[in-house]
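I opened the model to look up the metal site, the aromatic pairs and the nonpolar cores. My entries follow the structure.

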Amino acid sequence: MVSTQRMQRARQAASSLDLSATIRARQPPLRSWSKRPDTIVNNGHTIQLDFAEGDTLDLGDRRYALKQFHFHHPSEHLIEGKRFAMEVHFVHAGTDGLAVVGVVMVCRQAERDVQKDCLDKPRELGSPVSADLAIHPRGLLPAQRTYYHYAGSLTTPPCSETVDWIVLSQPIEVDEDDIASFAKLYPMNARPVQNRDRRFILSSGPH
Ligand SMILES: [Zn+2]
């Protein structure tokens, strides 16, 4: 049984959101990652790449370790009211909760890139297999790393409200074929946009 107070809190910290009317604030630069994922799996909800021991992310005095990244179609976050083709989430775990870095993805018709290896081969449901050596999470960050920062939740059950969200304000580009391949597996695995209530969304300036 969930108390009214808890439900109230749940509504006030839900993700995802439309990231608009943000407040410009000085925020620390976002570092990229140096380690590659170890395994890849189609887990029935998404395609996920896991790290046995991932890089760390520091937010204030809290330290988080990168555990996995996975994909949504279409994007879960909107930026200034606009939804994107896809979104990748880098899930970091700390002692008190999670920190998730989100990057929205747009369609392009150009050279193949790292995400090709995550998205183009529809995989059978099942156990994790070794990740392709070509996959590096660095390839899934835009060149300009300005970002939005807000307090939210997981977007999949149990939707726990203990997540520090960092969503990059610039999209990365993905091949149309790769989006189509992922969409064939998962036509819709994005949570609807939630009420923002009284939360502030901070946006960082150029670094
Ligand atoms: Zn996600």
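The entries below go from the metal site to the rings and then to the cores.

I worked on a predicted model, where local features need pLDDT of at least 70, side-chain atom pairs count only at pLDDT 80 or more, and totals for chains, interfaces and linings use all residues. Residues are numbered from 1 along each chain as its sequence is written, and side-chain values use heavy atoms, with hydrogens and water left out.

Zinc. I looked up the protein donors (N, O and S atoms within 2.8 Å of the metal, 3.2 Å for Na, K and Ca; water is not among the atoms, so sites may look incomplete). I found His70 (NE2), His72 (NE2) and His89 (ND1), at 2.0 to 2.1 Å from the zinc ion. Their spacing in sequence reads H-x1-H-x16-H. His72 is in strand S6 and His89 in strand S9, so this pair ties together parts 17 residues apart in sequence. I took strands (E, at least two residues) as DSSP runs, numbered from the N terminus. His72 and His89 are both buried (under 20% relative accessible area, 1.4 Å probe, protein chains only).

Rings. I counted 7 aromatic pairs (ring centres of Phe, Tyr or the six-membered ring of Trp within 6.5 Å; stacked if the planes are under 30 degrees apart, edge-to-face over 60, the rest tilted). Trp33 and Phe90 are stacked, with 4.1 Å centre to centre and 25° between the planes. Both residues, Trp33 and Phe90, are buried.

Cores. I searched for nonpolar cores (buried Ala, Val, Leu, Ile, Met, Phe, Trp, Tyr and Cys joined through side-chain atoms within 4.5 Å). The largest holds 32 residues, and Phe69, Phe71, Phe90 and Met105 have the most contacts inside it. Another core, apart from it, has 14 residues, including Phe84 and Tyr150.

Note on methods
Buried means under 20% relative accessible area, exposed over 50%, partly exposed in between (1.4 Å probe, protein chains only). Helices (H or I, at least four residues) and strands (E, at least two) are DSSP runs, numbered from the N terminus.
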